[in-house]
Amino acid sequence: MTLVAAGAVSCAQQPSFDPTSTKDVTDEISHVEPLSWWVGMKTPLQIMVNGEGISEYEITVKGPVSDNGECPKSSGVSIKKVHRADSPNYLFVDLDIRLSATPGTYYLIFSKDGESFKYPYRIDERRDGSADRGSFTTADMIYLIMPDRFANGDPSNDSVESMAEKADRSAFFGRHGGDIRGIIDHLDYISDLGATAIWCTPLLEDNAPDGSYHGYACSDYYHIDPRFGSNELYREFVDKAHDKDLKVIMDIVTNHCGTEHWWMEDFPFEDWIHRFPEYTGTNVCFSTNMDPNASAKDLYYQESGWFVPSMPDMNLDNPYTLQYFKQWAIWWIEYAGLDGLRVDTYPYNEKNPMSEWCAAVRAEYPDINIVGECWTSSIPQLAYWQADNGNKDGFNSNLPSIMDFPLQEAICRGVPTDSAGWGEGMTRIYDCLSHDFVYHDLSNMMIFPGNHDTDRIGDVLRGNPERLKIVMALMATIRGIPQIFAGDEMMFLSRDRAQGHGGLRVDFPGGWEGDQINLFTAEGRKEASVNTDGKEMKKGQSAELFDYTSRLFQWRKDKKVIHDGKTLHFLSRNNTYAYFRYDDTDAVFVFVNNSRGKKNIPWTYYDEMTSGLKDGRNVMTGESVEISDKTTVGPRQVLIVEFKR
């Protein structure tokens with residue numbers, strides 16, 4: 001792709017550099033990344049320039065031309081150092097941007113054999129308060145969207161001539177046409193549900209010939225996939241989400257790119273990615289990162305092997321690669337106004353460079369949250385990846401948040417069963433949370449019943465709506481940061497479980513013109529009698545489940561005792577589970593009856609907490625609740641009571 005410079009600029013005063021004195025770039029440069037930068041950033045800027053034979057050129061920086069057309073004599077921007085790569089088609093340019101630098105359009109001047117050309121480069125002023133931005137916390141509920149399957153707001157971009165894969169809504173693993181405009185159109189639905197943050201699976205360009213809808217095989221790190229929209233539309237989405245008090249979390253992948261990325265034809269350095277004589281996949285053995293007995297070779301293949309054949313593994317031990325990804329994440333946060341990051345396949349990265357990466361992002365934005373996908377059932381291994389954990393090897397990931405896969409597994413194995421056997425049913429959740437002493441920071445754990453990579457929670461629960469309510473009650477009241485996958489609030493079911501990911505990532509009914517069912521509207525939810533698997537369900541079930549989930553999470557928004565309170569839970573072997581979330585002034589009691597019969601609440605057994613509780617109120621009905629052993633909870637029901645202490 002050729003980037004053409006802006007037209008000549010006429011300066012209003014005597015310039016230190018006259019843009020008309022040097023010709024514009026034509027075909028000499030293919031890529032310059034990052035696309036722009038800002039005055040006042042802490043992160044050192046290293047521009048990657050890609051173009052045929054570009055390493056043969058000398059480079060200087062001139063300007064700026066400010067937005068009012070003036071050319072100040074003192075720019076505050078200079079070149080510190082130029083690095084040549086293994087390939088003659090790259091230059092890495094370190095720019096020094098002083099705090100006094102003037103925002104505007106600068107020019108990179110490339111000179112060779114008495115000839116020169118210029119390339120415009122924007123250095124802008126930062127938004128007020130950018131460095132001090134907040135992020136997602138325990139006060140939030142995160143709504144996970146797979147954009148291609150959520151809503152098609154702009155059918156004109158379903159298929160794009162320059163992109164390999166075209167839309168085919170009938171294809172399990174094909175693109176269906178959902179896009180950023182579709183998300184913007186339904187921000188009210190997300191807000192009404194009680195969500196306060198949105199995590200979209202990757203929206204960057206993925207030009208894989210098939211299966212590109214998921215976005216995890218990036219082919220251009222600095223551009224939104226045109227089938228989703230544009231960089232400008234993404235920024236509009238973030239702004240409009242903020243207008244509705246919704247935060248936006250970007251899903252990013254530092255571990256791998258896609259085989260269609262433009263640099264695959266010509267790497268800057270021979271070790272830009274991990275390369276093998278023949279395809280070599282990762283051994284997926286995360287324990288090699290903390291196992292004192294692990295072999296170096298096992299660790300090498302764990303972090304260097306490719307995720308899948310279509311996703312080349314990046315080599316973050318190369319300092320230029322690492323700097324590229326530091327700047328990339330920071331650029332998107334600054335450009336789009338993001339509120340947080342989710343990092344895919346976190347333990348597949350080289351751990352020490354990624355620790356440096358996390359530290360760099362948080363040095364720029366001290367309060368920003370980053371959650372890593374560390375998919376393991378082992379609680380000690382999961383705890384290892386959280387920042388400031390007391391690891392015996394001294395490793396500190398600098399990664400604030402981790403995804404609680406052990407709890408997700410406990411919920412998915414404990415809630416669907418009637419078994420009251422030893423270690424079965426709700427005891428699984430009790431046992432999982434009894435390991436909370438292992439974790440360094442319980443407030444920075446993302447809890448979830450499922451996501452785009454796991455089984456649908458509705459499938460796991462075999463379509464039982466009462467048990468889905470149990471799951472949502474747990475999500476709204478257990479410690480951590482809850483995340484719900486789009487559609488799980490209404491118990492979406494897989495279209496065809498035999499199709500795996502392609503089957504569970506169903507379209508949201510109502511997101512496409514001509515859909516017979518529209519679950520984005522209250523009326524549509526009341527009338528719907530067919531689920532996403534094409535089978536009949538009770539009419540009004542979608543409305544009932546949406547309303548239940550919405551009530552829970554709207555209530556949760558202002559409950560500091562849920563956000564920051566402690567937990568006290570009680571063991572039971574009859575497929576029930578009871579716990580309190582409490583602080584100095586408030587307490588919330590949760591009793592889950594996951595059995596087939598009604599149960600009396602043994603309040604007397606909870607007397608270490610019940611003493612002094614007053615003004616009990618049923619969260620879901622608003623009715624008064626008195627502490628009495630005669631209180632009963634029906635089969636597969638949850639009682640949530642808030643008290644004053």
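Glu-642 sits in strand 26, which covers residues 637-644; helices (H or I, at least four residues) and strands (E, at least two) are DSSP runs, numbered from the N terminus. With a relative accessibility of 12%, Glu-642 counts as buried, where buried means under 20% relative accessible area, exposed over 50%, and partly exposed in between (1.4 Å probe, protein chains only). Its side chain makes a polar contact of 3.0 Å with the side chain of Trp-555 and another, of 2.8 Å, with the side chain of Lys-559. A polar contact is a pair of N or O atoms within 3.5 Å; within protein, one must be able to donate a hydrogen and the other to accept it, and residues adjacent in sequence count only if both atoms are side-chain atoms. Setting aside residues up to four places away in sequence, Glu-642 touches Trp-555, Lys-559, Ala-587, Val-588, Asp-615, Gly-616, Arg-617 and Val-619, a contact being heavy atoms within 4.5 Å.

Before going further, a word on what you are looking at. This is a predicted model, in which local features need pLDDT of at least 70 and side-chain atom pairs count only at pLDDT 80 or more, while totals for chains, interfaces and linings use all residues. Residues are numbered from 1 along each chain as its sequence is written, and side-chain values use heavy atoms, with hydrogens and water left out.

The mean pLDDT of the chain is 94, and 96% of its residues reach 70 or more; pLDDT is the predictor's confidence in each residue, from 0 to 100. Over residues 1-15 the pLDDT is below 50, and this stretch has 36 contacts in the model beyond near neighbours in sequence. Where pLDDT is low, the predicted coordinates should not be read in detail.

Lys-599 belongs to strand 23, residues 599-600. Lys-599 is partly exposed, at 23% relative accessible area. Leaving aside neighbours within four places in sequence, its contacts are Asn-574, Thr-576, Phe-591, Asn-593, Thr-631, Thr-632 and Val-633. From Lys-599 to Arg-636 there are 37 residues in sequence and 9.9 Å in space, C-alpha to C-alpha.

Now to the helices. Helix 8 (residues 405-414) has 8 of its 10 residues buried, so it is largely enclosed by the rest of the structure. Those buried residues are Phe-405, Pro-406, Leu-407, Gln-408, Ala-410, Ile-411, Cys-412 and Gly-414. They pack against helix 7 (379-384), strand 17 (401-403), helix 9 (427-433), strand 18 (445-447), helix 10 (457-460) and helix 11 (465-477). In helix 4 (residues 296-304), the buried residues are Gln-302, Glu-303 and Ser-304, and they pack against helix 6 (351-364).

On a 1 Å grid over the protein atoms alone, a cavity is a set of points where a 1.4 Å probe fits but cannot get out, and a pocket is an open set with protein on both sides within 12 Å along at least five of seven lines; lining residues have an atom within 4 Å of a point. Grid points are joined across faces, edges and corners, and a volume is the space filled by probe spheres set on the points. The model has 4 cavities of 30 Å³ or more. The largest cavity holds about 70 Å³, and its lining includes Ile-145, Met-146, Arg-456 and Asp-507. That lining divides into 8 nonpolar, no polar and 4 charged residues. Here Ala, Val, Leu, Ile, Met, Phe, Trp, Tyr, Cys and Pro count as nonpolar, Asp, Glu, Lys and Arg as charged, and the others, Gly among them, as polar. The second largest pocket has a volume of about 440 Å³. Of its 25 lining residues, Tyr-216, Phe-307, Met-311, Asp-453 and His-501 lie nearest its centre.

Finally, some backbone details.

| Site | Feature | Angle |
|---|---|---|
| Glu-33 and Pro-34 | cis peptide bond | omega about 0° |
| Gly-63 and Pro-64 | cis peptide bond | omega about 10° |
| Asp-113 | positive phi, not a glycine | phi about 50° |
| Met-491 | positive phi, not a glycine | phi near 60° |

Asp-113, in the loop between strand 8 (104-112) and strand 9 (115-124), is exposed at 71% relative accessible area. Met-491, in the loop between strand 19 (481-485) and helix 12 (501-504), is buried at 1% relative accessibility.
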